[in-house]
Amino acid sequence: MTLLSIEGLRTVFRTDQGDVTAVDGVDLSVARGRTLGIVGESGCGKSVLSLSVMRLIAPPGRIAAGRVMFDGRDLLSLSSAEMRALRGNRIGMIFQEPMTSLNPVFTVGEQLTEAMRAHDRRASAAELRRRAVAALDRVRIPAAARRVDDYPHQMSGGMRQRVMIAMALACGPDLVIADEPTTALDVTVQAQILDLLRELQQQSGMAIILITHDLGVVAEMADEVAVMYAGRVVERAAGAAVFDDPQHPYTIGLLGSIPRIEETRDSLLAIEGAVPAPFALPQGCRFHPRCAFAGPDCTEAQPPLLEIAPAHQAACIHAPVEAFAG
Amino acid sequence: MTAPLLEVENLSRHYAVRRGLILPRRVGTVRAVDGVSFTLARGETLALVGESGCGKSTTARLVLRLVEPTTGTVRFQGEDITDLQGEPLRKLRRRMQIVFQDPFASLNPRMTVGAILEEPLIVHGLGDAAHRRARVEELLGLVGLASFHAQRYPHEFSGGQRQRIGIARALAVEPALIVCDEPVSALDVSIQAQVVNLLEDLQRRLGLSYLFIAHDLAVVKHVADRVAVMYLGQIVEIAPKDALFADPRHPYTRTLLAAIPRPDPHRERHDPVAGGDMPSPMAPPDGCRFHTRCPFVVERCKREVPALRPWAAGHLTACHRAEDLPAMETARAASLAPAAAKRLALYEARRGRVAAGAG
Ligand SMILES: Nc1ncnc2c1ncn2[C@@H]1O[C@H](COP(=O)(O)OP(=O)(O)OP(=O)(O)O)[C@@H](O)[C@H]1O
Ligand SMILES: Nc1ncnc2c1ncn2[C@@H]1O[C@H](COP(=O)(O)OP(=O)(O)OP(=O)(O)O)[C@@H](O)[C@H]1O
Ligand code: SF4
Ligand code: SF4
Ligand SMILES: [Mg+2]
Ligand SMILES: [Mg+2]
């Protein structure tokens, strides 16, 4: 059952160089108990998209169009108070840098109880503390009853990220948005955190939106994948289909760019060029200056995201590329 | 074989840790690098891998003589450079250069790219103005940038282009060794691939040696000839690349390999990865430093320090139980699905057609 559905979302920033449309007409959805992976290179709009869903876009940014349907209600039409009640309660968020989201002058226990008190005013202090210890225990912080009185700086990076997860999950949310939750961590710690997220999802049935630039993380975690480029979704498919049947030339290029442990090739199939500046987007298909399959017709209009196989969409007028390339 | 370009022997660097603002007192010692030995041949790439804080950057700085060692020696082209000072040290700097992780922080924002590339030539008194201009142009060409880029400032470039500038600057004085400290970690995958290809291409053309620091083992698998795995300031395993990936003989190496997320949705889930966090480098565990996290730990490991000992030709490991480790499951060669393989092949064939503009 669909829990969250994003429809035609557009988020714009006013800048010195003119208006920047960071998210431009995005449609996405995620069902209960499922994980939607969003991949794409730096600046393609992943974080702005997730902040838009949480209604955390501040001026000079604004949500210019679209709907964000969450469990039957459009989040964009809620009052600020209603939205605040949802955040941290039914929707949790995990950011890349735990240090910037944890307050250095309070113990992790104080921050956890504070977050829980906001959504449950009747619980006693002792009860909240008990719940805070349980929350830390659930994310496998050893000796939780003691570490609950630690300050964030007394913990390792992996430990702090566990605390962030504990906070995001404290109120049993239906949806968790995790923006690069493991990017700053060592691989061994990353593997532990991803295992933990998967396990907690199995226990609670929460939906996860996982934002990452790491295709390996996507392959391990995502039931469905959206590939973003320059503010738009260019491909959407079930997790395995993106790797087995990549349709958009940008997705194909990403798969060619990654070095693989189990395979050695002479040189990597990098994508030429760089991501365009958001205030100087190419006409027509935004990927065309870097695309190996581009033709003159690619500069005419932005290709719409179309169904190319069952439950598989791509925004490329030359897909499937073998038919075009001949 | 001729003498190695670089020989590092028993290198250590310890830092005193002090606490207290008014009367700082020594509360301990961080053994950032603790008895590291390796060699690097001409034209070879040795990768240093390991988790954050294991001493990779400190090792690099020691090799470059940017920090002074607590113990040990560094030999470059057969010459002991450990105590070099003054003019000889300045001359040596021409032969060893460094490329950093953060291309932005390492380029002066107020200098044009031309001036940035010319600076090392001036410092080392290489050529007259006309010669230097020609050299700047040549360097830009080498790293896939255009001559008009010389007039631009760093902020006008993308991350990948800035890393190309950093590489061109390192190449300016024709070094024999380039230390690459996480040169692609901050870049997007498509750009990372461009820079990795560039580094390999330059190595082939110029016969460079790389000391390549990275935490991404997939990148290392791609670029390295040999790999040294570090844990808490020490090398725990060192081997030719293929041996290290196919038959790792240290549990920590296996832990790292198991933890890498693979871009293969059909791969079976890895075994649970060694638990726990890295111990504090101020108080490394007794015996084997990895014993607090090691799935193969036995009593002996807690008491006896395992020596780095030969396992096979060029393959050394520091584990008491190297013989007992089970054979690695032969990793299924990542078989791409037919549709993906077909499209990647098409992509490879057509890639040259994209205007080969600088990335
Ligand atoms: N406050 C802002 N003012 C102006 N532009 C902004 C602002 N925040 C984001 N943008 C622009 O919106 C675009 C999308 O940014 P976003 O942070 O969503 O990228 P991202 O995909 O999360 O990248 P990364 O992988 O680097 O985190 C970028 O071009 C960025 O410059
Ligand atoms: N100047 C210094 N004073 C005190 N301790 C230091 C100093 N430089 C490094 N260290 C410590 O030495 C250890 C090794 O640091 P180093 O920077 O070499 O690690 P690294 O392997 O490069 O890590 P990363 O992957 O995070 O770059 C760390 O514990 C670090 O805190
Ligand atoms: S529409 Fe054209 S330019 Fe865009 S991805 Fe498809 S082939 Fe490439
Ligand atoms: S010596 Fe013992 S603790 Fe250390 S890696 Fe080997 S088995 Fe593990
Ligand atoms: Mg982001
Ligand atoms: Mg470092």
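Author: Before we start, one term: a polar contact here is a pair of N or O atoms within 3.5 Å; within protein, one must be able to donate a hydrogen and the other to accept it, and residues adjacent in sequence count only if both atoms are side-chain atoms. This is a predicted model, where local features need pLDDT of at least 70, side-chain atom pairs count only at pLDDT 80 or more, and totals for chains, interfaces and linings use all residues. Residues are numbered from 1 along each chain as its sequence is written, chains are lettered from A and ligands numbered from 1 in the order in which they are written, and side-chain values use heavy atoms, with hydrogens and water left out.

Reader: Thanks! How far is an oxygen atom of ligand 2 from an N or O atom in the side chain of Ser52(B)?

Author: That distance is 2.6 Å. Lys56(B) also has a side-chain N or O atom 2.8 Å from an oxygen of ligand 2, and for a polar side-chain atom of Thr58(B) the figure is 2.5 Å.

Reader: And how much of ligand 2 does the protein cover?

Author: The protein covers 62% of the 640 Å² of accessible area that ligand 2 has on its own. Those areas come from the Shrake-Rupley method with a 1.4 Å probe; for residues, only the protein chains shown count as cover.

Reader: Nice. Which elements of chain B each supply at least two residues of that shell around ligand 2?

Author: Strand S2 (25-40) and helix H1 (56-63) do, with H1(B) giving the largest share, three residues. Helices (H or I, at least four residues) and strands (E, at least two) are DSSP runs, numbered from the N terminus. The shell, meaning residues with a heavy atom within 4 Å of the ligand, includes Tyr15(B), Val30(B) and Pro281(B).

Reader: Over to chain A. Which residues are closest to ligand 1?

Author: Of the 13 residues that surround ligand 1, the closest are Ser42(A), Gly43(A), Lys46(A), Ser47(A) and Val48(A). Lys46(A) has a polar side-chain atom 2.8 Å from an oxygen of the ligand, and Ser47(A) has one at 2.8 Å too. With Val48(A), a backbone N or O atom lies 2.8 Å from a ligand oxygen.

Reader: How much of ligand 1 is buried?

Author: Alone, ligand 1 exposes 640 Å², and the protein buries 65% of that. Strand S1 (2-15) and helix H1 (46-53) of chain A each give two or more residues to its shell, and H1(A) has the largest share, three residues.

Reader: What surrounds ligand 4?

Author: Residues of chain B, including His250(B), Cys288(B), His291(B), Cys294(B), Cys301(B), Cys319(B) and His320(B).

Reader: Switching topic: how is chain B divided into domains?

Author: Domain 1 is 6-224 and domain 2 is 230-261 + 272-328; the bounds come from an automatic or database domain assignment. Their centres, taken over C-alpha atoms, are 28 Å apart.

Reader: How many residues are in contact between domain 1 and domain 2 of chain B?

Author: In chain B, 27 residues of domain 1 contact 18 residues of domain 2, where contact means heavy atoms within 4.5 Å.

Reader: Last one: where are the cis peptide bonds in chain A?

Author: One joins Pro59(A) and Pro60(A), with omega about 10 degrees. Another joins Ala319(A) and Pro320(A), with omega about -5 degrees. Pro60(A) sits in the loop between H1 and strand S4 (61-70) of chain A.
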